[in-house]
Amino acid sequence: MALGEDHFMYFEGSEEIDKLVCGGITSFKQLDDKARKVFRELAISCIRQNCLAYDKTGVVTGHLMFWDEGNKSGSAVYIQSDLDTYTHIIYLDVPPEEIVKRRLVDPGRDRSHVSVAHVRRWMEAEKQMLRDLCYRNNILFCSVSPDMIPKGVENLLHDFSKHDERHNLSNALSTLDSIPAIQSGTLKRMIVLDADGTLTSQDTGALFWKIFSPLLGYADGDWSKTPARIVFESPLGYSYNAFRQVTLLHEERLRDNQYDFVCREVASSVTMDEEFVTLLRRIAEQNHVAAVVVTGGLALIWKYVLEMQGLLDKVSVIGGGRISDGFVVTPEVKEALVDHLKNRYGLVVWAFGDSPLDLKMLCKADKAFVVVGDEATRSQSMDRALKQAIETGGLKAEQCLRPCFVTPRLNKEILPEVKLLDPTFVDSLLSDGTKLNVISAEKLNPEAVKILMTPMRNANVQGPRLREAHGDVGWYLAKTFLPTLIGVEQIDIPHPQGHNTTGYQLRREDKILIVALMRGGEPMAFGVNDACQRAMFVHAKQPSDLPDDLLKDTVAIILVDSVVNSGATILSFLEHIRSIKKDAPVVVLTGVIQEECASRGRLTPALTKHRNVQFITLRISKNKYKGTGATDTGNRLFNTLHLP
């Protein structure tokens, strides 16, 4: 046999029964149904045990049903043990005319004549029954046409014998590793994007089946119930086997050239979101930022879509669609790819997705963005899944509305809105690591900052009044910016009219740690604590003042200091925190940050290497002066002006 016997064992179902029954298959046919079932179970058990004993893949030939012409229906001969044992079923879809011809010239058995029409009904009934059985019993099914026999069947068997979830993930990671931008060694940030529903409002899968289905002989109809949709709505769900099953549907009738044709046709009808196109073109101009489209759909469609936009050379695509692709993209694969980018290559990962299938990926990313489309086309199950991911899965995300006038997901308190082409957002996304991620209140609300900064800069203000001013700044910065950075959650609160109503607080506020960097950061930290009163509070003069157990019990850490000059103090605390808490959000909140520290300072690269760190400041100062005595902020805060 072409497959050889090193890795495969071969069985013919009726021959295995013939070996077990005294009198062989002839005697077996005379037994009642109960006795036949016993021998069928024994036969499949022997096959299974042989394969396990020799660690080989078993290839079994057999029948599903017998159907005498004239009867209304056939008689199925499978048992539950068959369904519990088989992992894949290949149906040899030989033309009925050929089967009738073979029956007539069969030298081994005198067969009765059957009509072509009856054989056709028989075969269609078998294929439908097998699809239903396979989908309900986690078995992969593929019907193969004559032009796939024998070479195509051999290729399928080779693939089936080695392909499992571990092999699938390994192939997907290898594809990711081969992306030129990753191999360049200059990359610092990767933008990971889902495709359908994110980069376009269209469903490329439905478009594919609309062209593909006539080639399979399916009639036009409701494209929400394509063969692929039937798979995903079956007990297979969105599992590894479900995506593999859809791949086998593609293999059944479309040869490579036909598949290419259909994918090109679909791509030509896809309209990408113009703002995403603009953003991807900006990314394509960078050496330190790259983008990859990770799709559970057909990779070839998206390669052609990006090619039409002139982006394929700069934006990679990871996806499946054919056995030859080597893998399928499940929600778990998306999650693993993001994790690989972060931990293998140390990249900062921003992820964009639109559906529940993207939530694992979004949870794993350093920054997550939910793309919200029109209510008529977007995922109807996303709101509930998204709410659960935020409340129990630790997801901290923002939403971008596409187009901008659509109804938001949940609400903008829980899921803040970001605009794709907002200059601040684009600058942050394209940051090359020579600048800190800094939010300056002075740029966003300069008039309020003028009022807040006045007592802080007034030489006549010191002691309690100055501490109060620092507290006001801490409260303002915390109330203004922390809800977006950390997220909010709903809580029940008593209404003045006597009933309960909905209120909001920072997400898991009791697990947030405020660190007052002593001594200058304490007054501002108290203001932060006033803004989020359930948060934990600790004084720290040096990193060792933060106990490991305390850090492990947090969901976010807020480092508060009155002034950040070189960033040396912040860096020492970050290194300690990251040794204990690898990915927890860290917010550095300060009244003033020195401009050189924020951009291209000596310590800036060391500060930016730490992921998920955000600086918030009242203002950025160009003044490099470091105060002493009466000009030192700490001395002014605590009336120790005589100290050096």
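Buried means under 20% relative accessible area, exposed over 50%, and partly exposed in between (1.4 Å probe, protein chains only). Keep that in mind for the cysteines at the end of this tour.

This is a predicted model, where local features need pLDDT of at least 70, side-chain atom pairs count only at pLDDT 80 or more, and totals for chains, interfaces and linings use all residues. Residues are numbered from 1 along each chain as its sequence is written, and side-chain values use heavy atoms, leaving out hydrogens and water.

**Stop 1: the sheet.** Helices (H or I, at least four residues) and strands (E, at least two) are DSSP runs, numbered from the N terminus. Two strands pair if DSSP finds at least two bridges between them. Six strands form an open sheet with parallel pairing, in the order β13-β20-β19-β18-β16-β17. Select 438-440 and 536-540: these are the edge strands β13 and β17, each pairing on one side only.

Stop 2: Select 512-517, strand β16, which runs parallel to β17 and is joined to it by five bridges. Leu517 stands opposite Ala540 in β17.

**Stop 3: a helix.** Contact means heavy atoms within 4.5 Å. Now select 464-486: helix α22 packs on the sheet, touching β13, β16, β18, β19 and β20.

Stop 4: Cys263 is buried, with a relative accessible area of 0%.

Terms used: Axes are lines fitted to C-alpha atoms, for helices over the stretch in contact, and angles run from 0 to 180 degrees between N-to-C directions.
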